[in-house]
Amino acid sequence: MTAHTPSPLSLLGLGAMGTALARTWLAAGHPLTVWNRTPARADALAAGGAKPADSAAAAVAANTLVVLCLLDDDSVGAALDCVDLTGKDLVNLTTTTPAQARSRAAWAEERGARYLDGGIMAVPPMIGVPEAGGYVFYSGSPELFEAHRATLAVPAGTTYVGGDAGFAALHDVALLSAMYGMFAGAAHAFALIRREDIDPVVFAPLLADWLAAMSGSVHGTAAQLRSGDYTEGVVSNLAMQVAGTPTFLATAEGQGVSPELLAPYFGLMRRRLGLGRAEEDLTGVVDLLLRQ
């Protein structure tokens, strides 16, 4: 294929995300074979030029590049365990754990296929909309990534994070875990004002701007983790921050708000302080989370 000829591919899985991916590749002119366990889901795509396959095996046989966007890792096994994968390039965009991705990479290699795992950092409406900022983490075979980079970049941006097949899933879950932590903090903040004469719509920009300003602290945490010096560049040390936590808990109590979203983190802070790390930043909490 030349750089100007859209490459053919097969896509297994036509849920909301799979359908969004399919429509984007079709709109870009890529010959596309599709398969879904419920065949009717392919009807609208067929009208748009996709070629429905009557089995997963037929879809795999149709093209070298095979993209998977199924429910879970078990679904991948159910669809492909008895399928000849020799010479195929598998790109698995199914949501899995890092361990499942590594196991699936070994499974694919045993069957003569190259393997690339993906973690989609987008929701379906963001697919095919560059300005929406969606992208996909990829890890696994670097040769496979380079061979199909242009095709993979059609639905969303691409970020390759290494040859370890588990790294895409790990990056995906790490970022989403931080997101849920932010959601937890925002939920607590809104709960504090919920029974007061404070308009949450007016409060929201203040909260958003504060969270955006605080997000820069991750760079300092990363630098400290790399250097091993958790006292580097400290502005408000652990002792000072722990001393302030009773105010947060008392305010929650006074507002009739459960402290259950804050209490675990405050508990880790107190544990770290108890280890004699008063002059540190909050970075030491990371080490407390690591199971021995």
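Trainee: What should I know about the model and its numbering?
Mentor: This is a predicted model, where local features need pLDDT of at least 70, side-chain atom pairs count only at pLDDT 80 or more, and totals for chains, interfaces and linings use all residues. Side-chain values use heavy atoms, leaving out hydrogens and water, and residues are numbered along each chain as its sequence is written, from 1.

Trainee: How much space lies in the largest pocket?
Mentor: A pocket here is an open set of points on a 1 Å grid over the protein atoms alone, where a 1.4 Å probe fits, with protein on both sides within 12 Å along at least five of seven lines. Volume is the space filled by probe spheres set on the points, which are joined across faces, edges and corners. For the largest pocket that gives about 2300 Å³.

Trainee: Which residues lie nearest the centre of the largest pocket?
Mentor: Lining residues have an atom within 4 Å of a point, and 47 residues line this pocket. Those nearest its centre are Gly181, Met214, Ser217, Tyr265 and Leu282.

Trainee: Which element gives the largest share of that lining?
Mentor: Helices are DSSP runs (H or I, at least four residues), numbered from the N terminus. Elements giving two or more residues to the lining of the largest pocket include α7 (167-193), α8 (200-214), α10 (238-255) and α11 (263-274). The largest share, 13 residues, comes from α7.

Trainee: How many residues of the lining of the largest pocket are charged?
Mentor: Ala, Val, Leu, Ile, Met, Phe, Trp, Tyr, Cys and Pro count as nonpolar, Asp, Glu, Lys and Arg as charged, and the others, Gly among them, as polar. The lining has 29 nonpolar and 16 polar residues, and its charged residues number two.

Trainee: Which elements give two or more residues to the lining of the second largest pocket?
Mentor: The second largest pocket has a volume of about 380 Å³. Of its 17 lining residues, Asn36, Arg37, Leu70, Leu71 and Ser75 are the closest to its centre. The elements you want are α1 (16-27) and α4 (73-80).

Trainee: What is the handedness of the crossing where α7 passes α8?
Mentor: The axes, lines fitted to C-alpha atoms over the stretch in contact, come within 11 Å and cross at roughly 145° (angles run from 0 to 180 degrees between N-to-C directions). A crossing is left-handed if the near helix is turned anticlockwise from the far one by less than a right angle, and right-handed if clockwise. For α7 and α8 the crossing is right-handed.

Trainee: How are α4 and α5 placed relative to each other?
Mentor: The axes of α4 and helix α5 (residues 98-110) come within 11 Å and cross at roughly 15°. Angles under 35 degrees count as roughly parallel. The two helices are therefore roughly parallel.

Trainee: Which residues of α11 meet α10?
Mentor: These helices pack at about 145° with axes 10 Å apart, in a left-handed crossing. Contact means heavy atoms within 4.5 Å, and the α10 side includes Leu238, Val242 and Phe248. On the α11 side are Phe266, Met269, Arg270, Arg272 and Leu273.

Definitions and conventions: Angles under 35 degrees count as roughly parallel, over 145 as roughly antiparallel, 65 to 115 as roughly perpendicular and the rest as oblique.
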